[in-house]
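Hi,

Here is the structure I said I would pass on. Have a look first, and my notes follow below.

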Amino acid sequence: MQTPVTIIGAGLGGLTLARVLHVHGIPATVYEAEPSPTARTQGGMLDIHDYNGQLALQAAGLMDAFRGLILEGREATRVLAWDGTVLLDQPDDGTGGRPEVLRGELRKLLIDSLPAGTVRWGHKVSSVRALGDGRHEVTFANGTTVVTRLLVGADGAWSRVRPLLSNATPEYVGTSFIETYLFDADTRHPASAKAVGGGAMAALVPGGKGIQAHRESGGTLHTYVALTQPKEWFAGIDFTDSATATARIAQEFTGWAPELTALITDGDTPPVLRPINTLPIGHRWDRVPGVTLLGDAAHLTRPNGEGANLAMYDGAELGKAIAAHPGDVEAALTAYEEALFIRSAEAAIEATRDFGLCFDDNAPHGLISLLTGNA
Ligand SMILES: Cc1cc2nc3c(=O)[nH]c(=O)nc-3n(C[C@H](O)[C@H](O)[C@H](O)COP(=O)(O)OP(=O)(O)OC[C@H]3O[C@@H](n4cnc5c(N)ncnc54)[C@H](O)[C@@H]3O)c2cc1C
């Protein structure tokens with residue numbers, strides 16, 4: 001007899017778990033804070049790796065559908081100097097093993113692969129408490145509650161489930177990204193579109209500062225501006241006043257090539273601040289009956305292109321472990337967590353190294369070494 005699974009969070013990790021459970025005939029319900037699948041634009045390109053994200057999609061039986069989402073040519077990579085000089089230009093020759101898809105399309109693929117009603121939208125967890133004997137009661141902000149024998153926190157960086165297992169909380173790493181978009185760039189911003197090229201572009205300088213952009217579908221350029229400043233510095237900028245916030249961020253890039261600064265100043269969307277936080281490297285917990293974590297809730301790290309892939313891989317591994325131990329939740333969670341802790345500690349060390357190489361005082365040479373396999 002299989003225990004129904006209660007999953008908190010309909011991000012890529014929680015949805016992959018629900019799908020792999022469904023493939024194995026195990027019932028699951030996903031409770032998601034957002035009111036609907038389209039409540040928030042799921043911006044951003046994700047490269048899905050053949051050693052984790054793609055394995056998860058295979059376990060989910062969705063590889064063929066995934067191939068239909070791939071945006072060809074987006075694995076091209078360029079590194080520019082602050083004045084626009086091209087330092088590295090790697091075309092997409094189709095051998096990278098990291099095809100790019102839009103996060104929103106991948107999420108929709110997973111949602112559509114689940115039986116209707118699996119995801120309960122508008123269910124924001126406000127508290128969770130242990131009832132003993134491996135059972136937990138989840139209370140939602142809408143006043144409803146559920147009791148479950150198998151609870152999975154797939155609710156991201158600020159997980160409400162995590163405190164059942166660990167006292168760890170995310171800490172600011174000292175760098176934030178500011179997100180902007182330019183639409184129809186090939187016609188409206190040709191110089192910026194040319195600078196970004198067919199895939200990803202990064203222009204980084206010492207001091208943890210830079211402009212990174214990615215070409216999405218339809219000539220959309222998605223930019224993450226990196227600035228290494230304390231939280232208080234950002235708190236002094238009113239991000240509800242787009243024009244002033246944009247001008248203040250652009251001021252940090254005075255003298256840079258106009259095709260690069262236009263990615264900030266010509267933004268078609270208000271700039272969005274994304275502080276980078278992490279859980280401690282090697283974050284783990286002692287086994288607590290009836291509950292576990294996956295994805296960012298378990299191992300939030302510096303972004304290095306692995307986080308979504310790891311969340312999906314966790315979801316698939318947990319789903320397979322539950323299927324492999326019918327009627328024995330604790331055996332399933334023990335097997336899953338033993339591998340999870342090793343995998344996520346290694347990934348966090350690598351992410352810290354990669355982030356350091358990109359944003360240290362040797363920039364942009366660390367990134368170039370990474371991309372050319374010389375790091
Ligand atoms: C700037 C930036 C760039 C990144 N770029 C990449 C990249 O290129 N490639 C890559 O692989 N990774 C990237 N990542 C990392 C990646 O976004 C995360 O690692 C990944 O989204 C984690 O997936 P998840 O399912 O664990 O959590 P999430 O995607 O955060 O999903 C959690 C879900 O839980 C819901 N939720 C939260 N709280 C509650 C609650 N109380 N009740 C109910 N629901 C709740 C949320 O609404 C959300 O839907 C990037 C991260 C950042 C910050």
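Predicted model: local features only at pLDDT ≥ 70, side-chain atom pairs only at ≥ 80, totals over all residues.

Thr77 counts as buried, because its relative accessibility is 15% and the cut-off for buried is under 20%. Thr77 sits in strand β4, which covers residues 77-80. Its side chain reaches the backbone oxygen of Glu75, at 3.2 Å. Leaving out residues up to four places away in sequence, Thr77 touches Leu88, Asp89, Gln90, Ala200 and Leu371.

Arg78 is also found in β4. The side chain of Arg78 reaches the backbone oxygen of Ala195 at 2.9 Å. Its contacts, again without residues up to four places away in sequence, are Val86, Leu88, Asp89, Lys194, Ala195, Val196, Gly197, Ala200, Met201 and Ala202.

Now the ligand, which I guess is what you will open next. Which residues come nearest to the ligand? There are 31 residues around it, and Glu32, Arg103, Val125, Asp296 and Ala308 come nearest. Three of these have polar side-chain atoms worth a look. For Glu32, an N or O atom of the side chain is 2.7 Å from an oxygen atom of the ligand. For Arg103, a polar side-chain atom lies 2.6 Å from a ligand oxygen. For Asp296, a polar side-chain atom is 2.7 Å from an oxygen atom of the ligand. Taken alone, the ligand exposes 1000 Å², and the protein buries 81% of that.

As for what the shell around the ligand is made of, the split by class is 13 nonpolar, nine polar and nine charged residues. Four elements each supply at least two residues of the shell: α1 (12-23), β3 (45-47), α4 (103-112) and α11 (307-324). Of the elements, α11 gives the most, with four residues.

Which residues of α4 are buried? They are Leu106, Arg107, Leu109, Leu110 and Ile111. The cover over the buried residues of α4 includes α1, β3, α2 (53-59), α3 (63-67), β6 (100-102) and α11. If you want a distance to check, the C-alpha atoms of Glu105 and Ser166 are separated by 33 Å, with the two residues 61 apart along the chain.

On to the cores. In soluble globular proteins, nonpolar side chains tend to be buried together. Here the largest nonpolar core has 59 residues, and Val5, Ile7 and Leu106 touch the most other members. Not counting residues up to four places away in sequence, Leu106 touches Leu12, Leu46, Ile48, Leu57, Phe66, Leu69, Val101 and Met312. There is also a second, separate core of 28 residues, with Ile211, Val225, Trp256 and Ile264 among them.

Last, some backbone details to keep an eye on if you set up a calculation. Most residues other than glycine have a negative phi, and most peptide bonds are trans. Where is the cis peptide bond I have in mind? It runs from Ala363 to Pro364, with omega near 5 degrees. Pro364 lies in the loop between α12 (329-359) and α13 (365-371).

Two aspartates have a positive phi. Asp133 has phi near 65 degrees and is placed in the loop between β8 (125-132) and β9 (135-140). Asp133 is exposed because its relative accessible area is 65%, where the cut-off is over 50%. Asp184 has phi near 45 degrees, and its place is the loop between β12 (171-182) and α5 (185-188). Asp184 counts as partly exposed because its relative accessibility is 43%.

Send me a note once you have been through it.

Cheers

Conventions: Residues numbered from 1 in each chain as written. Heavy atoms only, no water. Near = heavy atom within 4 Å. Polar contact = N/O pair within 3.5 Å; in protein donor to acceptor, adjacent residues only side chain to side chain. Areas by Shrake-Rupley, 256 points an atom, 1.4 Å probe, with all protein chains shown as cover. Nonpolar A, V, L, I, M, F, W, Y, C, P; charged D, E, K, R; others polar. Buried < 20%, exposed > 50% of the residue type's maximum accessible area, 1.4 Å probe, protein only. Contact = heavy atoms within 4.5 Å. Core = buried A, V, L, I, M, F, W, Y, C linked by side-chain atoms within 4.5 Å.
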